[in-house]
Amino acid sequence: MIEIIGKNGSGKSYLANKLYHLGFKRNVGYTTRPMRNGEINGIDYFFITKEKFEEYIANNDFIEYKIRNGFYYGILKENISNNTIFVSGDVQKIKKSTGYNILKLYVDCD
């Protein structure tokens with residue numbers, strides 16, 4: 001697995017998209033926050049209702065989730081494999097749960 005980290009606007013998503021086109025699986029998280037201009041459901045996030053998110057929680061379907069600014073964010077267990085790319089998420093928890101090694105790439109660009 002690959003974790004891409006860096007400042008906002010540093011090119012993390014750009015790099016993740018390039019790796020996706022080389023055959024890596026891009027992790028797409030789930031959120032209850034409203035979609036922002038330019039975002040695409042299923043590409044940037046899966047935008048779902050709070051009720052659906054809480055149903056996933058009750059069914060223990062998330063490998064990790066959190067609440068940030070009053071909205072849920074999470075990663076489904078079924079979306080994780082050894083060739084997954086992460087731009088966000090609690091990768092230490094994911095590593096502990098899956099046993100997969102994680103390569104961290106820090107992007108430092110303007």
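Start with Arg 68: its charged end sits over the ring of Tyr 73, 4.2 Å from the centre. By that I mean NZ of Lys or CZ of Arg within 6 Å of the ring centre and within 35 degrees of the ring normal. Lys 52 does likewise with Tyr 56, lying over the face at 4.9 Å from the ring centre.

A word on the source. This is a predicted model, where local features need pLDDT of at least 70, side-chain atom pairs count only at pLDDT 80 or more, and totals for chains, interfaces and linings use all residues. Residues are numbered from 1 along each chain as its sequence is written, and side-chain values use heavy atoms, with hydrogens and water left out.

Now the sheet. Four strands form an open sheet, order β4-β3-β6-β5, with mixed pairing. The edges are β4 (46–47) and β5 (62–68); each has a single partner strand, so one side of each is left without a neighbour in the sheet. Strands here are DSSP E runs of at least two residues, helices are H or I runs of at least four, and both are numbered from the N terminus. Two strands pair if DSSP finds at least two bridges between them. Take β3 (residues 30–31) and β6 (residues 71–76): they pair in the antiparallel sense over two bridges. Thr 31 has Tyr 73 as its bridge partner in β6.

Next, the helices on the sheet. Helix α2 (residues 50–58) lies across β3, β5 and β6, at about 45° to β6. Helix α3 (residues 91–98) lies across β5 and β6, at about 165° to β5. Axes are lines fitted to C-alpha atoms, for helices over the stretch in contact; angles run from 0 to 180 degrees between N-to-C directions. Contact means heavy atoms within 4.5 Å.

Back to the rings. How many aromatic pairs does a search of the whole structure find? Eleven. Rings of Phe, Tyr and Trp (its six-membered ring) pair if their centres lie within 6.5 Å; planes under 30 degrees apart count as stacked, over 60 as edge-to-face, the rest as tilted. Tyr 45 and Tyr 73 have ring centres 5.7 Å apart and planes at 65°, so this pair is edge-to-face. Tyr 45 lies in the loop between β3 and β4, Tyr 73 in strand β6, so the pair ties together parts 28 residues apart in sequence. Are they buried or exposed? Tyr 45 is buried at 17% relative accessible area, and Tyr 73 is buried at 7%. The cut-offs: buried is under 20% relative accessible area, exposed over 50%, partly exposed in between (1.4 Å probe, protein chains only).

Phe 62 and Tyr 65 have centres 5.9 Å apart and planes at 50°, so that pair is tilted. Phe 62 is buried at 6%, whereas Tyr 65 is partly exposed at 39%.

Last, the cores. A nonpolar core is a set of buried Ala, Val, Leu, Ile, Met, Phe, Trp, Tyr and Cys residues joined through side-chain atoms within 4.5 Å. The largest has eight residues: Met 1, Ile 63, Ile 75, Ile 80, Phe 86, Val 91, Ile 94 and Ile 102. Beyond its neighbours within four places in sequence, Ile 75 contacts residues including Asn 27, Phe 62, Ser 88 and Ile 94. A second, separate core has seven residues, among them Ile 48, Phe 53, Tyr 56 and Tyr 72.
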